Each structure stands twice: as C-alpha cells, then as structure tokens.
Amino acid sequence: MTTTTIACIGCGNMGGAMLGGWLHQAQEKGYVLRGMTRTPSRAAALVERGLQLLPTAREAVQGADVVILAVKPYQAEAVLRDVAPVLPQNSVVVSVAAGLSLERLRQALADRCPVVRCMPNTPAVVGQGIFALCFDHPALQESQKEAVRRLFASLGMVLDLPESKFTAFSALVGAGPAYVFQMMQGLVQAGVTQGFPRAQARDLVTALFAGCACMAARQDTPLMELRDQVCSPAGLTIAGVNVLDRAGLSGLLVDAVLAAEERGRQMETE
Ligand SMILES: NC(=O)c1ccc[n+]([C@@H]2O[C@H](COP(=O)([O-])OP(=O)(O)OC[C@H]3O[C@@H](n4cnc5c(N)ncnc54)[C@H](OP(=O)(O)O)[C@@H]3O)[C@@H](O)[C@H]2O)c1
C-alpha cells in the first residue's frame with residue numbers, strides 16, 4: 001500500500017479534530033500522521049492514538065506529502081515563512097486559516113510548493129464536516145488535488161470552490177452551526193416551557209434535527225413540500241407554522257447570512 005505522510009502544524013480544536021479523524025483510518029488508508037503544536041500536552045490524547053509529535057514545525061514537514069496549517073490566522077504566515085525552506089517541493093500545503101487569502105499564503109511560502117485553501121466547519125469534530133477546497137493555485141497537479149479531496153472526504157463532505165466564493169461559503173456553512181444551534185436552543189426552551197425536563201428536551205430536539213436532516217438528504221422532495229406534509233388542514237402544526245411565517249423566519253435567516261457575508265468582506269480589508 002502507498003503511504004501518505006501528513007504533517008499538521010497546530011493541534012488545537014480544528015487540527016486535533018482532523019487528526020483524530022485521520023488517525024481513526026490511518027492503518028486502512030496508509031496515512032502516516034505527524035504533528036507539531038506549541039503546547040505539546042494538548043496533543044497527548046492524539047499521541048496515545050499514534051500521532052508522531054515532533055518538537056519543531058521544520059522537523060514535522062520534512063518528507064511530508066501534505067502539510068496541514070491549523071494555527072490561528074494571525075500565526076499562520078510566520079509558520080509558513082519558517083518552514084518554507086525545508087518543504088519538499090512535491091508537497092502540498094493545505095491552510096484552514098479563516099480569511100487568509102491564497103495570495104498571502106503564496107507570499108509567505110515564497111511559492112516553494114502549491115497551497116490549497118480550505119474552509120471547514122465545526123461538525124468536522126464528529127466526522128460530519130463540510131470542507132470547501134480552493135484549488136486556484138496554478139501549480140497544483142491533478143494527482144495532488146485528488147489526494148487532498150480524498151483526504152478531506154474521509155472527514156465529511158467536500159466541495160471544490162473558487163476563492164471568490166469563500167466568504168459566501170463562510171457566512172452560510174462556516175457560520176452555519178451557530179444558526180442551527182440557536183434554532184435548536186429555541187426549541188429546547190419551548191420544550192422546557194411545556195414541562196419537559198431540559199435534558200429530555202435537548203435529546204428530543206437533537207433527534208428531531210438529525211431525523212429531518214436525514215429525510216432532506218435522502219429525497220428530492222422540495223423542502224416546502226416536506227413541511228406541508230406535516231401541516232394538516234386546521235391542525236396543530238399549521239397554527240405553529242403561521243407564527244413563524246408572520247415573524248418572517250425565512251427572511252431573517254437570509255438576512256443573517258447576508259449580514260455575516262458583509263462582515264466577512266469588511267474583515268478582508270481590515
Ligand atoms: N474551530 C473552528 O470552528 C474553525 C472553523 C473554521 C476554520 N478554523 C481555522 O482553524 C485554525 C485553528 O483554529 P482552532 O479553533 O483550532 O484554534 P486553536 O484551538 O487555538 O488551535 C491552534 C493551535 O495552534 C497552536 N499554535 C499556535 N502557534 C503555533 C506555532 N507557531 N506552531 C505550532 N503550533 C502553534 C496553538 O497552540 P496553544 O495550544 O499553545 O495555543 C493551538 O493548539 C484557525 O486558523 C481557524 O481560522 C477553525
């Protein structure tokens with residue numbers, strides 16, 4: 001079996017989540033996993049599962065096929081400038097740093113090797129992430145794109161996306177868990193108001209979202225039709241749905257995503 005050596009710089013929330021998913025499949029898929037992080041104790045659980053932790057980023061990236069950059073955006077360029085001279089020229093760097101443009105990543109790397117921009121979302125921690133991958137770098141080979149796609153597909157859903165759509169994606173999908181958890185919280189609050197114990201209300205609402213997501217994923221029926229199937233004439237559901245329509249829930253969600261996108265564009269110029 002051919003092996004793929006993956007070096008992850010920064011093993012915090014996102015780096016740790018991705019490494020956790022890849023470690024799970026390392027034997028089956030031939031992944032060799034290396035990491036380097038500022039506070040090694042944070043990676044102790046990953047080391048127990050087979051991560052090779054190295055003392056410096058330079059040592060971690062030597063001989064790597066794929067280098068994952070998972071430090072905070074303000075720390076990312078310094079890390080790239082440090083490792084650039086020792087990066088194998090046939091390697092590919094994948095940055096998950098939010099808002100850090102391909103142009104800046106290329107400059108920090110001095111074009112030593114191609115770089116892919118990736119935008120994940122938090123369900124990556126349970127292997128259900130959505131990863132936008134930007135393959136706009138002109139030096140990327142097809143085999144490298146395919147290897148990166150396969151790597152991230154093993155952690156959730158992947159989507160090839162030009163960089164020009166990254167802010168829109170971030171506002172809809174990157175920020176998406178915040179909208180969904182807020183809606184879930186509102187329904188849990190309703191359940192508690194009705195007298196369900198809080199833990200039970202949370203379990204019920206969680207199963208409700210998981211079941212609906214599963215139905216939406218498995219069939220082509222328009223979402224409004226799925227909604228209307230639950231609304232019998234003069235029934236209880238239509239009474240609740242009328243309240244949501246009067247409050248303009250759909251319009252509010254559109255406004256929320258557009259406000260997040262506008263803020264994202266502002267942040268790119270700060
Ligand atoms: N979390 C998310 O939901 C999410 C979503 C989309 C994108 N992202 C992106 O993912 C990246 C990481 O975010 P995060 O939430 O995982 O942050 P985090 O938990 O703070 O993880 C960053 C890790 O990098 C380590 N680090 C800092 N400087 C370093 C250096 N010079 N060399 C090696 N390691 C270094 C930090 O060490 P310490 O432990 O010592 O601080 C920390 O463990 C960010 O760029 C963010 O934009 C995150």
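Guide: A polar contact is a pair of N or O atoms within 3.5 Å. The model shown is predicted.

Visitor: Which residue has a backbone N or O atom that lies 2.9 Å from an oxygen atom of the ligand, apart from asparagine 13?

Guide: For asparagine 13, a backbone N or O atom is 2.9 Å from a ligand oxygen. The remaining backbone N or O atom at 2.9 Å from a ligand oxygen belongs to alanine 98.

Visitor: How much of the accessible area of the ligand does the protein cover?

Guide: On its own, the ligand has 880 Å² of accessible area. Of this area, the protein covers 82%.

Visitor: Which element gives the most to the shell around the ligand?

Guide: The ligand is surrounded by 23 residues, which divide into 13 nonpolar, 7 polar and 3 charged. Two elements give two or more residues to this shell, α1 (13-24) and α5 (73-83). With 3 residues, the element that gives the most is α5.

Visitor: Why does alanine 216 count as partly exposed?

Guide: Alanine 216 has its place in helix α10 (residues 198-218). Buried means under 20% relative accessible area and exposed means over 50%, with partly exposed in between. Alanine 216 therefore counts as partly exposed, because its relative accessibility is 33%.

Visitor: How far apart in space are alanine 216 and leucine 226?

Guide: In sequence, alanine 216 and leucine 226 are 10 residues apart. From C-alpha to C-alpha, their separation in space is 8.3 Å.

Terms used
Residues numbered from 1 in each chain as written. Predicted model: local features only at pLDDT ≥ 70, side-chain atom pairs only at ≥ 80, totals over all residues. Heavy atoms only, no water. Near = heavy atom within 4 Å. Polar contact = N/O pair within 3.5 Å; in protein donor to acceptor, adjacent residues only side chain to side chain. Areas by Shrake-Rupley, 256 points an atom, 1.4 Å probe, with all protein chains shown as cover. Helix = DSSP H or I, 4+ residues; strand = E, 2+ residues; numbered from the N terminus. Nonpolar A, V, L, I, M, F, W, Y, C, P; charged D, E, K, R; others polar. Buried < 20%, exposed > 50% of the residue type's maximum accessible area, 1.4 Å probe, protein only.
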